[in-house]
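Here is a short report for a first look at this structure. Keep the sequence and the 3D view side by side as you read.

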Amino acid sequence: MKYLNLLFAAMLAMSSAFASPGAHGPNGEHLDGQANATDATTTVPRIETFTEAFELLGHLTGGELSIMIDRYETNEPVLNGALEVQYKDLKAKAKFHADLGDYAIDDPKFLAAIAKPGSHALLFTLVAGEESDLLEGTLTVAAAAGDHGHGHGVRRWLLAAIAAAILAAAAVFVARRRQREEV
């Protein structure tokens, strides 16, 4: 019985290794990090930025970068403007959707560049009537679920292998101990 308690204690000690730093919840979120409300509610990459005159909110989804622009002071939508977005050396002109009141970028080359995991600094040039403005923001695109660059899959297999080796060693130890006691 004493050896079973020892074996149980070893198993209990090893179980904490599987929930140590880097552990994930059911949706892949890091359990050891600071809680982030946007991670729990959405996986759609988004960008928010503003100046004294305008505020911008964009979502990368459905094969396009959809952008809503309002006046900062009044929240009045900015309709029928001209919007150009720049990422590094790529530029794309947004199309205004009168039915939705948003601007959309659907250029495949541009979207492929900003859809890669990582942080992407975007520069928006807006011309609305007599007004114009530059808005800067960062679009953060998370890695695909289960693949966010930490190598947790390999680490889990390694921890499982170590735990199995420790349990096997403990079982051999217990078996040899029992053989010595019988003799």
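Predicted model: local features only at pLDDT ≥ 70, side-chain atom pairs only at ≥ 80, totals over all residues.

## A strand with two partners

Strands β4 and β5 (residues 90-93) run antiparallel and are joined by four bridges. Strands are DSSP runs of E with at least two residues, helices are runs of H or I with at least four, and both are numbered from the N terminus. Two strands count as paired if DSSP finds at least two bridges between them. Residues are numbered from 1 along each chain as its sequence is written, and side-chain values use heavy atoms, with hydrogens and water left out.

The hairpin of β4 and β5 has two residues between the strands. There, Lys88 takes a positive phi near 55°. β4 also pairs with strand β8 (residues 118-128), in the antiparallel sense, over five bridges. In β8, Val127 is the bridge partner of Ala82.

In a regular strand the side chains alternate between the two faces of the sheet. Which residues of β4 (residues 82-87) lie on its covered face? They are Leu83, Val85 and Tyr87. Ala82, Glu84 and Gln86 form the uncovered face.

## The five-stranded sheet

An open sheet has five strands in the order β1-β2-β3-β7-β6, with antiparallel pairing. β1 (46-50) and β6 (95-97) stand at the edges. Each has a single partner strand, so one side of each is left without a neighbour in the sheet. The twist averages 25° from one strand to the next. For such angles, axes are lines fitted to C-alpha atoms (for helices over the stretch in contact), and values run from 0 to 180 degrees between N-to-C directions.

Phe96 has Tyr103 in β7 as its bridge partner.

## The nonpolar core

The largest nonpolar core holds 27 residues. Such a core is a set of buried Ala, Val, Leu, Ile, Met, Phe, Trp, Tyr and Cys residues joined through side-chain atoms within 4.5 Å. Buried means under 20% relative accessible area, exposed over 50%, and partly exposed in between (1.4 Å probe, protein chains only). Ile67 and Leu122 have the most contacts inside this core. Elements that each supply at least two of its residues include β2 (54-61), β3 (64-71), α3 (108-114) and β9 (131-141).

What does Ile67 touch, leaving out residues up to four places away in sequence? The list is Leu56, Leu57, Gly58, Leu83, Val85, Asp102, Tyr103, Ile105 and Phe124. Contact here means heavy atoms within 4.5 Å.

## Positive phi in a loop

Most residues other than glycine have a negative phi, and most peptide bonds are trans. Asn75 has a positive phi near 65°. Asn75 lies in the loop between β3 and β4 and is partly exposed at 49% relative accessible area. Asn80 has a positive phi of about 60°. Asn80 is also found in the loop between β3 and β4, and is exposed at 62%.

## Aromatic pairs

There are two aromatic pairs. Rings of Phe, Tyr and Trp (its six-membered ring) pair if their centres lie within 6.5 Å; planes under 30 degrees apart count as stacked, over 60 as edge-to-face and the rest as tilted. Phe50 and Tyr72 have ring centres 5.1 Å apart and planes at 15°, so the pair is stacked. Phe50 sits in β1 and Tyr72 in the loop between β3 and β4, so the pair ties together parts 22 residues apart in sequence.

Phe96 and Tyr103 form a tilted pair, 5.0 Å centre to centre with 55° between the planes. Phe96 is partly exposed at 22%. Tyr103 is buried at 0%.

## Salt bridges

The structure holds three salt bridges. Each is a side-chain nitrogen of Lys or Arg within 4 Å of a carboxyl oxygen of Asp or Glu. Arg46 and Glu48 meet at 2.5 Å, N to O. Glu48 is exposed at 54%, while Arg46 is partly exposed at 32%.

Glu131 pairs with Arg71, with the closest N and O atoms 2.7 Å apart. This pair links β9 and β3 across 60 residues. Asp106 and Lys95 form a salt bridge at 3.0 Å between the closest N and O atoms. Asp106 lies in the loop between β7 and α3 and Lys95 in β6, so the pair ties together parts 11 residues apart in sequence.
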